[in-house]
Amino acid sequence: MGTVYESILPEHETFINEQHMFFVGTASTNGHVNISPKGHDVFRILSPNKVAYLDLTGSGNETSAHLIENNRITYMFVSFQGRPSILRLYGNGKVILPSSDEWNEVSGLFDLYAGYRQIIVSEIDIVKTSCGFSVPLYSYEGDRNILMDWASKKGEDSLVQYRKEKNSTSMDGILTPLGKEFINE
């Protein structure tokens with residue numbers, strides 16, 4: 001039932017663009033696996049083998065810590081409405097911080113929502129589709145704006161402090177790119 005491709009085909013891009021949510025999976029070498037749901041219009045296909053997403057401030061920063069340690073990443077898109085399907089993108093990722101030289105090249109592709117903290121860019125080497133026949137049907141009601149409202153109310157100075165406290169290391173003690181930047185201030 002599953003099919004493997006070397007790159008993102010036009011029909012894959014259409015499917016990805018129809019989804020309101022995706023999941024990001026990473027793992028540290030010796031620690032925990034992390035799977036993180038992502039919403040809003042933050043995912044971009046840059047080429048048939050390159051994608052990026054705008055990462056918003058959250059309570060943890062596992063993905064960026066794991067990418068520093070071993071750079072493996074998997075994205076998963078699931079159809080919760082209409083025809084059942086699952087699409088996974090496997091590859092290697094890296095973190096682009098607002099202070100990096102690459103930021104200006106990539107950030108223009110996104111609406112910079114309140115609370116943005118970094119962009120994850122990934123080179124994709126395997127695209128895999130599967131049936132999704134057992135995935136339940138859900139109705140999309142809209143995006144939650146709680147995170148962006150929280151970030152707007154907090155303000156940039158308070159967000160920087162929050163990131164220092166909550167986003168500098170992973171739950172396994174791995175220093176994140178943001179954490180490294182805070183050390184070098």
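A residue is called buried when its relative accessible area is under 20%, exposed when that area is over 50%, and partly exposed in between, as judged with a 1.4 Å probe on protein chains only. The structure discussed here is a predicted model, in which local features need pLDDT of at least 70 and side-chain atom pairs count only at pLDDT 80 or more, while totals for chains, interfaces and linings use all residues. Residues are numbered from 1 along each chain as its sequence is written, and side-chain values use heavy atoms, with hydrogens and water left out.

A salt bridge is a side-chain nitrogen of Lys or Arg within 4 Å of a carboxyl oxygen of Asp or Glu, and the structure contains seven of them. One of these joins D41 to R44, with 3.0 Å between the closest N and O atoms. D41 has a relative accessible area of 44% and is therefore partly exposed, whereas R44, at 18% relative accessibility, counts as buried.

A further salt bridge connects E123 with K50, whose closest N and O atoms are 3.8 Å apart. To place these two residues, one needs the secondary structure: helices (H or I, at least four residues) and strands (E, at least two) are DSSP runs, numbered from the N terminus. The pair links distant parts of the chain, since E123 belongs to strand β8 (residues 116-130) and K50 to strand β5 (residues 50-56), 73 residues apart. E123 is partly exposed at 44% relative accessibility, and K50 is partly exposed with a relative accessible area of 29%.

E102 and K94 also meet through their side chains in a salt bridge, at 2.7 Å from N to O. Of the E102 and K94 pair, E102 counts as partly exposed at 30% relative accessibility, and K94 is partly exposed with a relative accessible area of 37%.

Attention may now turn to the strands. Two strands pair if DSSP finds at least two bridges between them. Strand β2 (21-27) and strand β6 (residues 72-78) run antiparallel and are joined by three bridges; within this pairing, F23 has M76 of β6 as its bridge partner. On β6 and strand β7 (residues 86-96), seven bridges form a pairing in the antiparallel sense, in which M76 stands opposite R88 of β7. In a regular strand the side chains alternate between the two faces of the sheet.

Individual residues show how these elements meet. Contact here means heavy atoms within 4.5 Å. H12 is found in helix α1 and is buried, because its relative accessibility is 5%. Apart from residues up to four places away in sequence, H12 touches Y5, S7, L87, V127 and T129. T63 is found in helix α2 and is likewise buried, with a relative accessible area of 6%. Leaving aside neighbours within four places in sequence, T63 is in contact with V24, T26, N34, Y53 and I73. L112, by contrast, lies in the loop between α3 (103-107) and β8 and counts as partly exposed at 37% relative accessibility. With neighbours within four places again set aside, L112 is in contact with L54, W103 and S107.

The final topic is the open space in the model. On a 1 Å grid over the protein atoms alone, a pocket is an open set of points where a 1.4 Å probe fits, with protein on both sides within 12 Å along at least five of seven lines, and lining residues have an atom within 4 Å of a point. Grid points are joined across faces, edges and corners, and a volume is the space filled by probe spheres set on the points. The largest pocket holds about 1200 Å³ of space. Among the 41 residues lining the largest pocket, H20, M21, P37, K38 and G39 are the closest to its centre. Strand β3 gives the largest share of this lining, five residues.

The second largest pocket holds about 220 Å³ of space. Its lining consists of 15 residues, of which I16, N17, Q19, H40 and D41 lie nearest the centre. Helix α1 and strands β2 and β3 each supply at least two residues of that lining.
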